[in-house]
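Hello,

Here is the structure I promised to pass on. Please open it first, then read the notes below.

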Amino acid sequence: MTNSRKDERERAIDENLKRVFDQTLEEGIPDRFKNLLNQLKQQESSPESQK
């Protein structure tokens, strides 16, 4: 395989990975995960967790 074909293939892979990553970021965090995180924060800050 020539270097130019390898570079072209790597560029295409990079572009696809970036597109998938950007789409994932745009999805945001589902509400159920936000709720779970809030519950964990409340447990950590409650006086009972300080024992």
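**What was found**

The accessible surface of the chain comes to about 5300 Å², and carbon and sulfur atoms account for 51% of it. Please keep in mind that this is a predicted model.

Start with the overall build. The chain has two helices and zero strands. Helix α1 covers residues 3–27. Helix α2 covers residues 31–45.

Next, the dimensions. The C-alpha trace spans about 65 × 25 × 10 Å along its principal axes. The radius of gyration is 22 Å, whereas a compact globule of 51 residues would have one near 10 Å. Burial gives another view of the chain. Of its 51 residues, 0% are buried.

Asn-3 lies in helix α1. Lys-34 comes 31 residues away from Asn-3 along the chain, and their C-alpha atoms are separated by 46 Å. Is Asn-3 buried or exposed? Asn-3 counts as exposed because its relative accessible area is 60%, and the cut-off for exposed is over 50%.

Now the charges. The chain carries 10 positive and 11 negative side chains. The centres of these two sets lie 2 Å apart. Side chains of opposite charge can pair when their charged atoms come close. How many salt bridges does the structure hold? The count is one. Lys-18 makes that bridge with Asp-22, and their closest N and O atoms are 2.9 Å apart. This distance falls within the 4 Å cut-off for a salt bridge. Both residues sit in helix α1. Lys-18 and Asp-22 are four residues apart, or about one turn of the helix. Asp-22 has 28% relative accessibility, so this residue counts as partly exposed.

Last, the nonpolar surface. Which residues make the nonpolar surface patch of about 290 Å²? Ile-29, Phe-33 and Leu-36 make it. Leu-36 belongs to helix α2. Why does Leu-36 count as partly exposed? Its relative accessibility is 45%, so Leu-36 is placed in that class.

For a first look, I would go through the views in this order:

- The two helices of the chain.
- The salt bridge between Lys-18 and Asp-22.
- The patch made by Ile-29, Phe-33 and Leu-36.

Best wishes

Conventions: Residues numbered from 1 in each chain as written. Predicted model: local features only at pLDDT ≥ 70, side-chain atom pairs only at ≥ 80, totals over all residues. Heavy atoms only, no water. Patch = residues over 30% accessible without salt bridge, like charges linked within 9 Å, V, L, I, M, F, W, Y side chains within 5 Å. Areas by Shrake-Rupley, 256 points an atom, 1.4 Å probe, with all protein chains shown as cover. Salt bridge = Lys/Arg side-chain N within 4 Å of Asp/Glu carboxyl O. Buried < 20%, exposed > 50% of the residue type's maximum accessible area, 1.4 Å probe, protein only. Rg over C-alpha atoms; globule rule 2.2 N^0.38 Å. Lys, Arg positive; Asp, Glu negative; His and termini not counted. Charge placed at Lys NZ, Arg CZ, Asp CG, Glu CD.
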